[in-house]
Structures are given as C-alpha cells and as structure tokens.
Amino acid sequence: MDNSPKLRTIIVDDEPLAIERLQILCAQIDSLDLIGTAADGASAIRLTESLEPDLILLDITMPIMDGIETAKAIAKLPKKPSVIFITAFDNFALEAFDLDVVDYVLKPVASARLNRAIMRVIESRESNNKTNEGSDYAQEFWVSHRNELIRIAALDIDHIEAERDYMRLHVGDRSYLLHQTISSLEERLDPAMFQRIHRSHILCKDNITGLRHEGGGVWHILLRDGNSLRIGRKYLADVKKLAGK
C-alpha cells in the first residue's frame, strides 16, 4: 500500500456543475485530498494563502480574474502549489505553459485523463525532491507540439535558439517551440549545465567540444555534431572560463 502523503487539493471553477463533476472524479483518486473549492480567482488566491494546498485544479475562462491571471498571482505566493489547468478551450496552451503548470486538461474531463495529470504532479514533485532540493532551476519544460503537450527534461536539451518571441529547444534531431524570452529562460536554467554564448543562443555544456579563434577577436564554439556557432563578444569572457582561460 502506498503511504505517500495525499495531495491537498483545491478546485477553482465558476460553474457549479463543473466543480461537482471534478469533486466526483477527485473522490475516485486515492492520492488526492480535496480541501476546498472556489468560484473565482480572488477567492482562489485567499484560499491558497490560508490552506497552502499542494495542487490546484484551475479553470481558465472565469470572469473578472481568469485562470491565467490567478495562476500568475498564486505563483508569487511563498508556498507555490502545483497547478493543472482545466478548460473547455485548447487555445490557451502556449500561454498556460509559460506559467510552469504541470498539465492542461480539456473539458469534459475524463477520469483517465485526470489520473494521468495527477501522476505528472506526483512525478514532478518526486523529481524535484530528489534532484532539485534547495534549487529554483527548472528540471523540465512542457511545450505545445501539434495536438499534444510534450514533456522535455532540461537534461535532454542540447541547444536553445531564440526565434523572435519564441525559444526553439533542440533535443537530438527534433526541436520544439517555447513561448518565452531568452533572458527569462536563462534565469530558469542551471548555470552548471547551460552556457549562454550569444544573445540568441544557449548551449548545454555537454554539447560543447571546443573553441576556435577566427582572428580579429572573433571566436566560435564547436559542437558535438561538427557544427559551430559564433560567440557574442558580450559572452566571450564567460565562455572562455569553460576552458580555464
């Protein structure tokens, strides 16, 4: 029998029938302990401050303060809970995952789909406890890809390339877009693992094989796949530290 503590959970939705439906589904999941419900964003924030839940099942399309705004406010609280967005619309995915939510579940919520989302919360919390204790650096990213949401472990990212308002995460021979600025993304990455080399490029340090001087103060960084990238002058001194220079 699993003796792990249950996830203390709050449901937030402005529709009473939607709350009732989620209450029924949550009652069927042994790993959840439902401790409260709220019908609007402001109430959700107050409830989160007072009860300090582990998980919030949060509707997006609510009046006055929607789920996106509510999640942003909750993320600033001292004890930040995990968030799963629940919505009838699929056009919020990119904006939602900019907020580091664990999952994005479409209504009508199916029992099996909610169970998978809860498992992601549990896995994420266990991973953070084991590998990220005392650290605020991101261990994973969720990105929208076609009609799916893909989990990408930070350890699997080889190269990050800025494309206007998006970051392209290169993972092996595939790449995925994340809606975020390069500066904000850099702050979320462990500097022991990643090195910014240019205003548009961040590299996994394990992907770097060497440095090459081209003359005239121009340097390139050499990559495992045989390609190279120019190093921005602003970042050259920090990159050279990799080689003890």
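Two residues are in contact when heavy atoms of theirs lie within 4.5 Å. Keep that rule in mind for later. The structure above is a predicted model.

Start with confidence. The chain averages a pLDDT of 87, and 89% of the residues score at least 70. Strand β1, residues 7-12, has the highest mean pLDDT, at 97. Helix α4, residues 93-97, has the lowest, at 58. Where pLDDT is low, the predicted coordinates should not be read in detail.

Now move to helix α3, which spans residues 67-74. Which of its residues are buried? They are G67, I68, T70, A71 and I74. These residues cover an arc of only 160 degrees around the axis, so they sit on the same side of α3. Look next at the N-terminal end of α3, which is capped by D66. A side-chain oxygen of D66 lies 3.1 Å from the backbone nitrogen of I68.

Next comes helix α5, residues 111-131, where R113 lies. Is R113 buried or exposed? Buried means under 20% relative accessible area. R113 has a relative accessibility of 19%, so R113 counts as buried. Here the contact rule comes in. Leaving out residues up to four places away in sequence, R113 touches D103, Y104, V105 and R120.

Finish with the cysteines. C26 is buried, with a relative accessible area of 4%. C204 has a relative accessibility of 7%, so C204 counts as buried too. How many disulfides are there? A disulfide needs a pair of cysteine sulfur atoms within 2.5 Å. By this rule the count is 0.

Definitions and conventions:
Residues are numbered from 1 along each chain as its sequence is written. This is a predicted model: local features need pLDDT of at least 70, side-chain atom pairs count only at pLDDT 80 or more; totals for chains, interfaces and linings use all residues. Side-chain values use heavy atoms; hydrogens and water are left out. Buried means under 20% relative accessible area, exposed over 50%, partly exposed in between (1.4 Å probe, protein chains only). Helices (H or I, at least four residues) and strands (E, at least two) are DSSP runs, numbered from the N terminus. The arc is that of the directions from the helix axis to the C-beta atoms. A polar contact is a pair of N or O atoms within 3.5 Å; within protein, one must be able to donate a hydrogen and the other to accept it, and residues adjacent in sequence count only if both atoms are side-chain atoms. pLDDT is the predictor's confidence in each residue, from 0 to 100.
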